[in-house]
Amino acid sequence: RDLPAETRRRLNQEFEDGFAEMMQRGEFVHAEALGDPATSRLFRWADDDRVVTDGPYAEGKEHLAGFFLIDVESQERAEQIARTFSGPGETVELRPVMSGGDPG
């Protein structure tokens, strides 16, 4: 998506500042970019057997491009970080991990 240069600069600076703040506060755990969804293999169950097909998983335009794993004190802080890293034409999904800590 084409953005005006000033908007792109501001959003990049917000990203950099947000990342630096997470690092300073010790909230950043790990981040990873994921490969092209077209290279994925899907393992499903159908007609009482496993079926393996080529990706991508979703039929829509959106796909999981990568993830950040963070360790924060509250849901509110997690939401603040998610807002920082969302931008025009992007979706950030926030969800808890299943191991350790309070699930909700």
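Tutor: Let's start with the chain as a whole and then move to one arginine and its partners.

This is a predicted model, so local features need pLDDT of at least 70 and side-chain atom pairs count only at pLDDT 80 or more, while totals for chains, interfaces and linings use all residues. Residues are numbered from 1 along each chain as its sequence is written, and side-chain values use heavy atoms, with hydrogens and water left out.

The protein chain has two helices and four strands, running α-β-β-β-β-α from the N terminus; helices (H or I, at least four residues) and strands (E, at least two) are DSSP runs, numbered from the N terminus. Of its 104 residues, 11% are buried, where buried means under 20% relative accessible area, exposed over 50%, and partly exposed in between (1.4 Å probe, protein chains only).

Now for Arg-77, which lies in helix α2 (residues 75-85). Arg-77 is buried, at 7% relative accessible area. Leaving out residues up to four places away in sequence, Arg-77 touches Glu-21, Met-22, Arg-25, Glu-27 and Val-72; a contact here means heavy atoms within 4.5 Å.

One of those neighbours, Glu-27, forms a salt bridge with Arg-77, with the closest N and O atoms 2.8 Å apart. The pair ties together distant parts of the chain, since Arg-77 is in helix α2 and Glu-27 in the loop between α1 and β1 (28-33), 50 residues apart. A salt bridge is a side-chain nitrogen of Lys or Arg within 4 Å of a carboxyl oxygen of Asp or Glu. Glu-27 is buried too, at 5% relative accessibility.

Glu-27 also forms a salt bridge with Arg-25, the closest N and O atoms being 3.2 Å apart. Arg-25, however, is partly exposed, with a relative accessible area of 48%. Back at Arg-77, counted as buried at 7%, the picture widens: salt bridges that share partners join Glu-21, Arg-25, Glu-27 and Arg-77 into one network.

Arg-77 has another partner as well: its side chain makes a polar contact of 2.5 Å with the side chain of Gln-80. A polar contact is a pair of N or O atoms within 3.5 Å; within protein, one must be able to donate a hydrogen and the other to accept it, and residues adjacent in sequence count only if both atoms are side-chain atoms.

The structure holds eight salt bridges, including one between Glu-6 and Arg-9 at 2.8 Å between the closest N and O atoms.
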